[in-house]
Amino acid sequence: MKKTLIKKRNVVHQSAKLFYYKGYKNTAVSDILNECNIAKGSFYYYFKSKDDLLIHVIEFHTDNLINFFNHKVDDLSISKLKNFFKEFFNNIEHNRFHGGSPLGNLAIELSDVNDDARIKLIDSYHKIEQRISFFLATLKYQSQEKYYSMEPELYARILISLLEGTMLKIKTERNGNSIDDFLKFFDKIFFIN
C-alpha cells in the first residue's frame, strides 16, 4: 500500500508540473503517462479520471502553499509575513516570470468550464485565507495598540487577492514592478516604515 501511495503522489506531483507549464486542457493523459512512466491502467487505478487527478493537484498546490507559509512565518513577525510573499514572488522571478500562480492559472483556465474545479479552488483559497487570517488575528491580539482596527479575515482575503493579481501582472509584464508595488502596499497597510 505504501508503494502505491508513493506512486500516486508522484503522478500528482508530475501532473502538477505539467498543468503548470502546459495548462490543464493542453495536458493529455498520454503526457502524464509518459512523464510518470506508468501504464494507462495504473493511472486509472489511482484516479477515476483526469478531472479526479485535477482535484488532487489543487490539493497539492494548496498544501504546498500552506506548508511554505508555515515554514516561513513561524512566529508573530510581520516581517516574516512580508518575507513569505516576497519569496513566493521571487520563485516566479527565478523562473523568468514563466508560469505564474499554480492555483490562479487553474482558476483562470477552468472556473468558467469546470464547476468541480471551481468549487475546489474556492475551498483552497478559503483554506489559505484562513491560515493567514489566523496569523493576523493572533498578531492583532498580541499587538492590539498597533493593529486594533485590523480585520483579520478581510485583510487575509485582500492579501490573497493582491497576491493573485500581482502574479497575473508578473506573468503578463514579465518584470518585477508589480512585486515592488505589492510590497510597498504591504508596508502601508501594516505600518512599516
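Leu65, Phe68, Phe69 and Lys72 of helix α4 touch Lys80, Leu81, Phe84, Glu87, Phe88 and Asn91 of helix α5, where contact means heavy atoms within 4.5 Å. Sorted by class, the residues of this contact are six nonpolar, one polar and three charged. Here Ala, Val, Leu, Ile, Met, Phe, Trp, Tyr, Cys and Pro count as nonpolar, Asp, Glu, Lys and Arg as charged, and the others, Gly among them, as polar.

The model is predicted: local features need pLDDT of at least 70, side-chain atom pairs count only at pLDDT 80 or more, and totals for chains, interfaces and linings use all residues. Residues are numbered from 1 along each chain as its sequence is written, and side-chain values use heavy atoms, with hydrogens and water left out.

Helix α4 covers residues 50–72 and helix α5 residues 78–94; their axes come within 9 Å and cross at roughly 135°. Axes are lines fitted to C-alpha atoms, for helices over the stretch in contact, and angles run from 0 to 180 degrees between N-to-C directions. The two helices, α4 and α5, are therefore oblique to each other; angles under 35 degrees count as roughly parallel, over 145 as roughly antiparallel, 65 to 115 as roughly perpendicular and the rest as oblique.

The chain as a whole has ten helices and zero strands. Helices (H or I, at least four residues) and strands (E, at least two) are DSSP runs, numbered from the N terminus. The C-alpha atoms of the chain fill a box of roughly 60 × 40 × 30 Å along the principal axes.

Two pockets are described next. A pocket is an open set of points on a 1 Å grid over the protein atoms alone, where a 1.4 Å probe fits, with protein on both sides within 12 Å along at least five of seven lines; lining residues have an atom within 4 Å of a point. A volume is the space filled by probe spheres set on the points, which are joined across faces, edges and corners.

| Pocket | Volume | Lining classes |
|---|---|---|
| Largest | about 510 Å³ | twelve nonpolar, six polar, two charged |

The largest pocket is lined by 20 residues, and Tyr20, His61, Asn64, Phe88 and Pro102 lie nearest its centre. At least two lining residues of the largest pocket come from each of α1 (2–22), α4, α5, α6 (102–110) and α9 (152–173).
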